[in-house]
Amino acid sequence: MRILLSQLNHNVGYGSLIIVLLCIAKRPLLSKGGHFCYFYLWLIPIFALLNPISFDVYVPMGGIDGTLFTSYVAKFSEYVYSFLFIWILGSLISLILYSKYEYSASRLSKEIPRINDPKIIRILKSCEDELRVRHPVEIGTIQDIVTPCLFETIGNEPIIILPDTELDERRLRLIFLHELMHLQYRDIVIKRLCRIIQAIYWWNPLVYVLGAQLDEGCELTCDYRVLKGRPIEERYNYSQAVLDFARASTQQKAEYNIIAFGGKAFKRRVKFMLRPEQKVYKWYAICCAVILFSLSFLSFRSAMPVETQKDIDLSNDYEIVARPDGFYDLYSDGQLIIYGADENAIENIINRGKVK
């Protein structure tokens, strides 16, 4: 239990910290690191929230514990088990609801009317050949959906959903290129993983920020892949299609819109679509990735384990706080000095006269 609580403490603290840092650095990441840097850096907090391993690093931090929440957990230790019970119960409910959604989506996938128009199928095959997509893809339509989307459910072939309106060949081609690019890079898998994290950490508002930013980064990256090396006229047609579908979606929202062609923040998307190829500073992206990824593993602490303490002056007011895992933390003047000590270790400290 002690190891589990410590790891959860690390995952919540550092996963949340990485999300905050990415939000603060959003503008320079997009301008210097590019779309790929921005999108893939948002995969790091996903890893940090699920990471089962961490390593303690002891540094002088002025009494501030590097796990961010250790001292607060210790002071309110009597409520930890109650919080864990509520956390687990909420996670189970969230996971059940998400599973129900996936099951409903899977059933709906089988009921969606398929499109067998030879002209539309020919355009799709042409786009598949261009992107070298080998996975079979079907085309369907739903009357209530006004924006195209990729409908990919577990156990079923992916379906590109088209709105129930007339679309010319040029626009159909743009739709297929966009949705096939999502399929080729398995964006829906990343989105599913993010939804699972939101179900597990349902009480943490930052995981919903993570989902929103990941969605935006996913769309920006997909647009970049589709438009890379294409002339400005095709970029303009692509951006016009996004604007038209985004305008239509403001009046009607689809219930099962998994990966939308429009989406939020479309003004920012259009801006990136129309501007020339940006210069990407690879060293900048690599440095950001290394720093953030290291936070997923390293747990910076200012207090040392009791086994490594040497000649600490604790003659001032001190407090020994019992933790729910059966161990103790030692504070002096409100500063965390020793954490994770057992009864014998605390008794030895007192007997040695370090605590008077």
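**Salt bridges and a core, explained**

Author: Eleven salt bridges turn up in this structure, which is a predicted model.

Reader: What makes R192 and E102 a salt bridge?

Author: Their side chains come to 3.1 Å, N to O. The cut-off is within 4 Å, so the pair counts as a salt bridge. R192 sits in helix α8 and E102 in helix α5, so the bridge ties together parts 90 residues apart in sequence.

Reader: And R186 with E152, what is the distance there?

Author: It's 3.0 Å, N to O, for R186 and E152. R186 is in the loop between α7 and α8, while E152 is in the loop between β3 and β4.

Reader: Why is E152 called buried?

Author: E152 has a relative accessible area of 7%, and buried means under 20%, so E152 is buried.

Reader: Then why is R186 called partly exposed?

Author: R186 has 35% relative accessibility.

Reader: Is K191 buried or exposed?

Author: Buried: K191 has a relative accessible area of 8%, and the cut-off is under 20%.

Reader: Which residues touch the most other members in the largest nonpolar core?

Author: L29 and L41, in a core of 35 residues.

Methods:
Residues numbered from 1 in each chain as written. Predicted model: local features only at pLDDT ≥ 70, side-chain atom pairs only at ≥ 80, totals over all residues. Heavy atoms only, no water. Core = buried A, V, L, I, M, F, W, Y, C linked by side-chain atoms within 4.5 Å. Buried < 20%, exposed > 50% of the residue type's maximum accessible area, 1.4 Å probe, protein only. Helix = DSSP H or I, 4+ residues; strand = E, 2+ residues; numbered from the N terminus.
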